[in-house]
Amino acid sequence: MTGVFDSLVGQHDAIDTLRRAAAAAAAVVRGEPAQGMTHAWIFTGPPGSGRSVAARAFAAALQCADQGCGTCAACHTTLAGTHADVRFVVPEGLTIGVGEMRALVLRAASAPSQGRWQVLLIEDADRLTEAAGNALLKAIEEPPPRTVFLLCTPSTHPDDISVTVRSRCRVVTLRQPPAEAVASVLVNRDGIDPAEAAWAAAAAQGHVGRARRLARDPQARASRDKVLGVPRRLTGIGAAFDAASSLIEAAESEAAAAVVEVDARERADLQTALGAGGTGKGAASAARGMTGAIRELERRQKSRATRAQRDALDRALVDLAGFYRDVLVDKLAAPVAPVHADSVEVAAQAAARWTPESTLRRLEAVLACRAEIELNVKPRIAVEAMMLALWRG
Amino acid sequence: MPRVTGVGPAYRGCEWGIGLVVPLQKRRSTWDDIWVTTAPPVLCLVSGDEELLVARAVADVTALARASDPDTDVRELEANSLLPSELDEVLSPSLFGGRRVLVVRNGQDAKKDLVAALLRYAQEPDPEVSLVVTHAGGAKGKAFAEGLQAAGAKVLRAAKLTRPKDRAEFVRDEIRRLGGKSTEDAAEALLSAVGNDLRELAAACSQLMADTDGRVTAETVNRYYRGRAEVSGFTVADAAMVGDVPAALEALRWALQVGVDPVPIADALADGVRTVARVAAAGRGNPYQLASALGMPAWKIERAQRQGRGWTPEGLVDAMRAAADCNAAVKGGSDDRGYALEAAIFAMSAARKAEGTR
């Protein structure tokens, strides 16, 4: 049976749960008594496992008369993000603020315009500020009869989502899709060569989107190769600082490339909307509030750029952690596949020289650096401290 | 420093705001011109945004005018609210004659028609009127300032003193102006104790003159002023990097006391370790040759080379770790940010002594 859930890779249990819920939801719409539908859901799973994909598919199944056929108008519009009764919250910046949340909750309280369900889908619900979480909590505590809240977070740890919100939601746990499943998706859906697909799936460590990017985007590959070259380049303190600054600069330029065009366009659009460059009577007074609005836009853009930069850096650090994992796997002769299939020789060389303890310390240093960046430590300082630790071992 | 000869003792020292300001060697000639002629200038442009110097320049011109005619009428107007018609009124000849001083404040904010009116007046100024325009000296309203200069206005510079040397010079001139003597280190001591605000410095100078016999030395300054007004994170980092824990802790306390945010202090600590580590890794060499390779100014490299003595690579690794931990601590990781910084200073000192933990 084809349908909206096909886009989920290797998540059979979760799909079963969601199908049953969608069937129950359809019964509720028909006015029959049914069990199995809940008004609030949390989708958890490691990055790339398809949390937001699952949430979108479930939203489509709720809106579809056929519980997710994947071909009707309701499915199409939901998946494309244009369905009138499905509200997507995709934070571009670092957090979702309380003001935004209040407006969304208010809208979620209205009755569905097409007679089925009013859906509020929050991707990255771990970015809710405390106040925004509380605003959401009030709505989840006393939900309107036909409103469904779908939240996506990496885990149900209190750091990610407040316990009060979590306790009122049903949790759908997605697992890290096995590399073979990701590879077969790449082969079947994107037409990528099987050998390459297997390599990309392993290197992406279960992240479907990243695997696809690695398989198709030479630039992503080049930056990954650069990151994997780091351990070999750490020959001294000076080299460690050089490696740190090249890693930071690569992340900065990757982030800048991602946002610079959008930034300029948004700014030009806003200026046009506020009547910049206008002449004649009233133009000056129309433009009066412009600086404030532009400054607000720039603040949002800065937040987005910071996030893009941290995301880029985080990808690099995950690749690096994968390398040290491979070294440890090689050293301990563990019967698991390497993450970076193309750098096994380098990993083996390193394993011959390092003790398991020092490899583990290096792996810990990379993970500690990720945690520190999350804690808002200046990325340069965190990465430099990490590189020095990697050099010393 | 020229003595005030043309004006008489009447205004000298009667109020600290009035008097001759000659903060810099190169600026003396302009001022000398005024005092040589002793007649109040007809057109005068005060260029710069150091409030004290602007106030003094305006007061000086006023005093000159008063010296030549005690009944001088002084009017102060704001450029952004002044209308050209009002200007005509204040500039038109008085029925009773007599000198007048017209001070137009914030000339950079003058609107187009006012600028045009003032520049037209500047072509044929009334010799009985002294027109003083103050101008922030920036790019805003630059054409106006240049127009006045072209019309032959006396230019009095009142730019902010940015270099420490200039400020020390200002302090010494200030004491000299008040009839005292001071030494170089006295000026330095006063600067570090009082800070960089010229008004505060001027007030401190006059206070010192009132309290002492007119000879101001570093010792005198230390008797009346204690502590440091301007401490940055870099002061803390510099002391920490040479292993001087007492000095680093003292600087840290002062910095927190005067309201420096802990985050830049933590950044400065990390920067200190980074600089020493990178310079040490580059090996010994001429700072000027290393400057381009390391992307740092030569003086910073030279200082880092001095600070780098006594550090081992292992120790630097630990110090960087401490700096990174401290950075997390001051950004919400710790309950007491001051304590986190102190702990980082101790950890850095321990790293320097222990030559690495492993």
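**Exercise 1. Which elements of chain A are included in what covers the buried residues of α2(A)?**

Solution. The model is predicted: local features need pLDDT of at least 70, side-chain atom pairs count only at pLDDT 80 or more, and totals for chains, interfaces and linings use all residues. Residues are numbered from 1 along each chain as its sequence is written, chains are lettered from A and ligands numbered from 1 in the order in which they are written, and side-chain values use heavy atoms, with hydrogens and water left out.

Step 1. Helices (H or I, at least four residues) and strands (E, at least two) are DSSP runs, numbered from the N terminus. Helix α2 of chain A has 13 residues, 51-63.

Step 2. Buried means under 20% relative accessible area, exposed over 50%, and partly exposed in between (1.4 Å probe, protein chains only). In α2(A), 10 of the 13 residues are buried, among them Arg51(A), Phe58(A) and Gln63(A).

Step 3. Contact means heavy atoms within 4.5 Å. The cover includes α1 (12-30), β1 (40-44), α3 (73-80), β2 (86-89), β3 (118-122) and β4 (147-153) of chain A.

**Exercise 2. Check the span of helix α2 of chain A.**

Solution. Step 1. The expected span is 1.5 Å times one less than the number of residues.

Step 2. For the 13 residues of α2 of chain A this should be 18 Å. The end C-alpha atoms are 19 Å apart, which agrees.

**Exercise 3. Describe the surroundings of Arg99(B).**

Solution. Step 1. Arg99(B) sits in the loop between α3 (84-91) and β3 (100-105) of chain B. With a relative accessible area of 12%, Arg99(B) is buried.

Step 2. Beyond its neighbours within four places in sequence, Arg99(B) is in contact with residues including Pro40(B), Asp71(B) and Val129(B). From Arg99(B) to Val129(B) there are 30 residues in sequence and 5.9 Å in space, C-alpha to C-alpha.

Step 3. A polar atom of the Arg99(B) side chain lies 3.1 Å from the backbone oxygen of Pro127(B).

**Exercise 4. Which elements give two or more residues to the lining of the largest cavity?**

Solution. Step 1. On a 1 Å grid over the protein atoms alone, a cavity is a set of points where a 1.4 Å probe fits but cannot get out; lining residues have an atom within 4 Å of a point. A volume is the space filled by probe spheres set on the points, which are joined across faces, edges and corners.

Step 2. The whole structure has three cavities of 30 Å³ or more, and the largest has a volume of about 90 Å³.

Step 3. The lining of the largest cavity includes Phe234(B), Asp271(B) and Arg303(B). The elements asked for are α10 (233-241), α12 (262-281) and α14 (298-307) of chain B.

Notes:
Polar contact = N/O pair within 3.5 Å; in protein donor to acceptor, adjacent residues only side chain to side chain. 1 Å grid on protein atoms, 1.4 Å probe; cavity = no way out; pocket = protein on both sides within 12 Å on 5 of 7 lines; lining within 4 Å.
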